[in-house]
Amino acid sequence: MRRAHSMPFGAQVEEDGRTRFRLWAPSAREVDLELEGAGAPLAMAPLGEGWFERTTAAPPGTRYRLRIDGGLRVPDPASRFNPDDVHGASEVVDPRAFDWPDAAWCGRPWEEAVLYELHVGAFSPEGTFAGVEARLDHLAGLGVTGLELMPVADFPGRRNWGYDGVLPFAPDAAYGRPEDLKRLVAAAHARGLMVLLDVVYNHFGPEGNYLHLYAKPFFSERHQTPWGAAINFDGPGSRVVRDFFIHNALYWIEEFHLDGLRLDAVHAIADDSRPDILEELAQAVRRGPGRQRHVHLVLENDKNQARYLVREPSGRPRWYDAQWNDDIHHAFHVLLAGERDGYYADYAEKPTWYLGRCLAEGFAYQGEPSPYRQHKPRGEPSAQLPPGAFVSFLQTHDQVGNRAFGERLVTLAPEGALRAATAAWLLAPSPPMLFMGEEFGAATPFLFFCDFGPDLAAAVTQGRRREFARFARFADPQAQKEIPDPNAEETFARSKLDWSCRQRAPHDRWLALYRRLLGLRRDHIVPRLAGMAGRAGVSQVLAEGALTARWRLGDASLLVLWLNLGSQPVAIGAPPKDAPFFAEPEDACTELSAGRLPAACAVWFLDTSGGAT
């Protein structure tokens with residue numbers, strides 16, 4: 001099977017073998033096409049409204065640049081591949097050259113989602129798409145059902161988290177060619193694994209973005225973001241800009257047969273139009289590839305806007321399947337690691353209550369004032385949404401990598417409490433997401449890394465250290481110098497997973513726990529999630545660090561959790577009558593039967609009789 005997404009811009013190989021090149025450059029007087037090895041530049045014809053086009057013989061593999069007003073030579077902003085990085089020439093790619101072997105793949109229902117976030121460069125020693133492909137059997141055997149790749153769009157240099165991308169249609173050459181990513185996706189599908197991609201639609205990176213020189217309307221004159229001028233989604237010329245990103249979403253889903261997207265930090269997207277870009281993009285996906293197979297859309301949204309997660313009467317998402325639920329991470333983290341500064345201050349006063357609210361209702365903040373955000377209201381009511389609308393996690397690239405030294409939870413939390421939290425989180429109804437390596441208790445850090453040019457590199461290093469100067473630990477400039485340099489190759493090398501540790505203690509014990517829990521989720525929880533409605537959960541705080549929660553599942557079964565992340569046992573009164581289907585540690589059942597919830601434990605019960613809550 002051949003797959004291609006047709007776009008109104010970029011280089012497109014036509015049926016007659018020639019290639020059509022098209023660029024939107026409303027701030028340019030003229031645009032020429034330069035084909036490597038072809039002699040003189042070719043003038044591109046102006047089509048009006050800022051468009052320029054030229055169709056000519058340029059077979060796949062041809063490298064090309066676009067010359068603006070007879071001077072600056074730039075890559076194609078819709079390049080499908082830039083083999084020599086973001087400042088180099090683009091390459092003509094014919095997506096129909098790849099023969100897909102997964103014609104029967106229709107995806108997986110969202111209820112089955114167990115996501116695994118990974119960074120392609122740091123996941124394997126090879127640091128490539130092929131390196132990920134070589135370890136798919138580990139993920140399938142673990143019980144994961146979907147990969148979530150951190151952004152792969154072309155970024156400057158050889159290493160980057162991916163959020164500094166400037167060529168959003170081009171997989172970064174550091175990871176391989178476009179067909180290498182396609183082979184990874186096909187291999188994942190052969191093992192029953194979905195593949196979702198993290199995409200960035202709120203800004204371009206600081207190096208290698210030339211759009212502002214020839215397409216000034218691409219950026220807003222009214223809105224700003226933490227990274228500079230906002231992308232223009234609602235001003236003059238915004239129709240082309242909106243189409244650029246909508247096509248990008250469709251391109252990844254159709255041409256790379258991806259199963260979904262995670263949209264990064266949409267709270268930083270400024271758009272006063274209706275429908276806004278988030279709604280219009282989601283509608284395009286739902287009415288396009290989403291009509292033929294399971295396609296899932298996930299948000300990161302600090303504003304906790306439940307409106308984007310609304311369900312149709314049929315139960316299907318109108319726009320987005322789910323949102324990363326940072327709230328549940330923060331509540332867990334306060335209880336496990338005891339940290340209460342920065343954004344953890346919002347959860348410090350009553351972390352157990354916030355955790356219970358997340359488990360039962362989704363967001364912890366549903367319109368209440370946020371102390372960390374100058375007491376401004378944050379969030380919208382979310383209890384009416386099903387648990388499937390909230391992706392839960394104990395760790396992500398953000399929560400690990402945005403620490404000065406990239407420490408993982410295994411180095412910050414008591415092992416017993418962390419094992420109990422893992423049991424609570426992986427068996428709760430919301431779709432869980434692991435961060436690469438946590439399943440075997442990886443001790444390697446995940447640090448912030450990049451590879452900018454010299455001038456920008458120095459500014460990033462200093463800026464990174466200034467970020468932490470407000471913490472008492474780093475008030476001393478000498479202490480700030482201990483923070484790893486993001487641009488140093490060693491910083492990236494230290495962030496790579498050490499796969500050899502899996503057979504050693506305590507890593508083997510962690511891996512066994514994750515495999516067992518995900519097996520239980522697959523066999524006992526997932527079959528009962530379909531049809532689960534909103535307001536299906538309730539929670540009760542028993543003591544600081546201890547709670548109980550229960551959910552009415554889609555088949556009317558009753559799922560009950562007793563959780564204590566504290567260091568002291570808690571009296572619960574009358575003990576549960578039924579036998580648990582999982583307990584961590586196993587001997588917790590003995591104390592629970594005597595009316596005490598032991599320290600650092602999680603005990604699960606599943607009543608399939610369908611009785612009243």
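Over the ring of which residue does the charged end of Lys182 sit? The first legend answers this for the predicted model.

**View 1. Lys182, Phe256 and Trp252.** The charged end of Lys182 sits over the ring of Phe256, 5.1 Å from the centre of that ring. Phe256 also pairs with Trp252: the two ring centres are 4.8 Å apart and the planes stand at 45°, so the pair is tilted. Both Trp252 and Phe256 are buried.

**View 2. The aromatic pair of Phe204 and Phe219.** A search of the whole structure finds 42 aromatic pairs. One of them is formed by Phe204 and Phe219, with 6.0 Å from centre to centre and 70° between the planes, which is an edge-to-face arrangement. The pair links distant parts of the chain, 15 residues apart. Phe204 belongs to the loop between β14 (194-199) and α5 (211-214), while Phe219 is in strand β15 (residues 219-225). Phe204 and Phe219 are both buried.

**View 3. Phe244 in helix α6.** Helix α6 contains Phe244. Is this residue buried or exposed? The relative accessible area of Phe244 is 4%, so the residue is buried. Leaving aside neighbours within four places in sequence, Phe244 is in contact with Phe9, Pro77, Ala78, Pro168, Phe169, Phe204 and Phe218.

**View 4. Leu250 and its contacts.** Leu250 is found in helix α6, which covers residues 238-255. Its relative accessibility is 12%, so Leu250 counts as buried. Which residues touch Leu250, leaving aside its neighbours within four places in sequence? Leu250 is in contact with His5, Glu255, Ala284, Val285 and Pro289. His5 is 245 residues from Leu250 in sequence, but their C-alpha atoms are 7.3 Å apart in space.

**View 5. Helices α6 and α7.** The axes of α6 and helix α7 (residues 277-287) come within 10 Å and cross at roughly 40°. The two helices are therefore oblique to each other. The crossing of α6 and α7 is right-handed. On the α6 side, Arg239, Arg242, Phe245, Ile246, Ala249, Leu250 and Ile253 take part in the meeting. On the α7 side, the residues are Ile277, Glu280, Leu281, Ala284 and Val285.

**View 6. Helices α11 and α15.** Helix α11 (residues 415-427) and helix α15 (residues 507-525) have axes that come within 9 Å and cross at roughly 25°. They are therefore roughly parallel to each other. This crossing of α11 and α15 is right-handed. From α11, the contact includes Glu415, Leu418, Arg419 and Thr422, and from α15 it includes Arg509, Trp510, Leu513 and Tyr514. Within this contact, the charged end of Arg419 sits over the ring of Trp510, 5.5 Å from its centre.

**View 7. The enclosed helix α9.** Nine of the eleven residues of helix α9 (residues 351-361) are buried, so the helix is largely enclosed by the rest of the structure. Among the buried residues are Pro351, Tyr354, Arg357 and Cys358. Which elements are included in what covers them? The cover includes α8 (326-337), β20 (368-370), β24 (537-543), β25 (546-552) and β26 (558-564). After α9 comes Gly362, whose phi is positive, near 105°.

**View 8. Two cis peptide bonds.** Ala505 and Pro506 are joined by a cis peptide bond, with omega about 0°. Pro506 has its place in the loop between α14 (489-494) and α15. Another cis peptide bond joins Glu584 and Pro585, again with omega about 0°. Pro585 lies in the loop between β28 (582-584) and α16 (588-593).

View 9. Asp69 is not a glycine, yet its phi is positive, about 50°. Asp69 is placed in the loop between β7 (63-68) and β8 (72-74). With a relative accessible area of 25%, Asp69 is partly exposed. Ala600 also has a positive phi, near 50°, and is located in the loop between β29 (596-597) and β30 (601-607). At 19% relative accessibility, Ala600 counts as buried, because the cut-off for buried is under 20%.

Conventions. Residues are numbered from 1 along each chain as its sequence is written. This is a predicted model: local features need pLDDT of at least 70, side-chain atom pairs count only at pLDDT 80 or more; totals for chains, interfaces and linings use all residues. Side-chain values use heavy atoms; hydrogens and water are left out. Rings of Phe, Tyr and Trp (its six-membered ring) pair if their centres lie within 6.5 Å; planes under 30 degrees apart count as stacked, over 60 as edge-to-face and the rest as tilted. Helices (H or I, at least four residues) and strands (E, at least two) are DSSP runs, numbered from the N terminus. Buried means under 20% relative accessible area, exposed over 50%, partly exposed in between (1.4 Å probe, protein chains only). A charge sits over a ring if NZ of Lys or CZ of Arg is within 6 Å of the ring centre and within 35 degrees of the ring normal. Axes are lines fitted to C-alpha atoms, for helices over the stretch in contact, and angles run from 0 to 180 degrees between N-to-C directions. Angles under 35 degrees count as roughly parallel, over 145 as roughly antiparallel, 65 to 115 as roughly perpendicular and the rest as oblique. A crossing is left-handed if the near helix is turned anticlockwise from the far one by less than a right angle, and right-handed if clockwise. Contact means heavy atoms within 4.5 Å.
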